[in-house]
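Open the structure in your viewer, keep the sequence beside it, and follow the stops below in order.

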Amino acid sequence: MRQRLGLGSEYLLTFDVCTHLMIHVARFRAFINFICTDPFFVPRFLLYGLHPRAMLPTILHVHRLLFSPGYPNDKLENFTRYLSESEAIIWVLGLILEFTDFRIVVQRGIIGLKGGAPDREKILILAGELDVMMDVRMMRCLAKRYRDAVRHVMNENAEVDVSSNVGYEVRREEVYTEDRRDGVRMVVVKGAGHHVQNDLQWEVGAQRVADFLQQL
């Protein structure tokens with residue numbers, strides 16, 4: 001693939017090193033955000049005998065980590081009843097090992113096997129403005145890495161503008177912000193926490209997902 005794309009080994013090596021470095025920094029930042037939000041997690045995890053639910057033992061922890069400050073307690077109680085006893089920490093353990101490659105995702109998902117500039121957005125990154133773990137800065141970095149991968153795979157330095165911000169202009173300013181470039185759409189739902197799909201603003205996120213799917 002490297003020869004077909006006409007990219008030199010030094011060029012690709014630099015991109016690979018930067019990409020892997022950014023991935024490791026992002027993982028570290030997610031853990032730092034979590035520990036800053038819940039500084040007693042480590043001793044509590046040991047006290048609980050390494051039980052997975054030590055991450056979210058009470059409604060207070062669920063509220064603080066997953067939802068916006070204004071989320072009502074009665075909804076929290078109903079939500080916590082369906083929490084798995086083992087799921088809470090599984091996703092954290094899954095971050096330890098690398099499980100994706102930006103260039104492969106771009107080559108197969110955005111550019112396609114036939115090559116050429118992307119004619120529509122193929123990746124949607126949906127973030128909550130008040131997410132305390134995967135914060136907006138981290139998610140914007142993720143969008144940037146995918147966009148950089150698009151330009152590197154195409155061996156171009158200029159942006160690949162394949163979409164426009166048409167429609168929903170007033171609503172966009174009120175409840176979400178949106179950035180569309182290089183086949184990647186980045187949406188930040190204002191006021192939402194980590195659980196965008198279950199937070200008070202879930203309809204805004206669902207609308208943006210539906211809009212993204214309609215343009216595929």
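Select H10 and look for Val204, Gly205, Arg208, Asp211 and Phe212, which are buried (under 20% relative accessible area, where exposed means over 50% and partly exposed lies in between, with a 1.4 Å probe and protein chains only). Looking down the axis of H10, you will find that these buried residues fall within an arc of 125 degrees, so they line one face of the helix (the arc is that of the directions from the helix axis to the C-beta atoms). On the face turned away from the buried side, H10 carries the exposed residues Glu203, Leu213 and Gln214.

Before moving on, note that this is a predicted model, in which local features need pLDDT of at least 70 and side-chain atom pairs count only at pLDDT 80 or more, while totals for chains, interfaces and linings use all residues. Residues are numbered from 1 along each chain as its sequence is written, and side-chain values use heavy atoms, with hydrogens and water left out. Helices (H or I, at least four residues) and strands (E, at least two) are DSSP runs, numbered from the N terminus.

**Second stop: the nonpolar cores**

Next, select Val106, Ile110, Ile123, Ile125, Tyr146, Val184 and Met186, which touch the most other members of the largest nonpolar core, a set of 17 residues (buried Ala, Val, Leu, Ile, Met, Phe, Trp, Tyr and Cys joined through side-chain atoms within 4.5 Å). At least two residues of this core come from each of helix H7 (102-111), strand E1 (123-128), helix H8 (136-153) and strand E3 (184-189), and the largest share, 7 residues, comes from H8. Then look for a second, separate core of 15 residues, which includes Phe45, Leu56, Val62 and Leu76.

Side chains of opposite charge can pair when their charged atoms come close. Select Glu121, which is buried with a relative accessible area of 1%, and Arg185, also at 1% and buried; the two form a salt bridge with their closest N and O atoms 2.6 Å apart (a side-chain nitrogen of Lys or Arg within 4 Å of a carboxyl oxygen of Asp or Glu).
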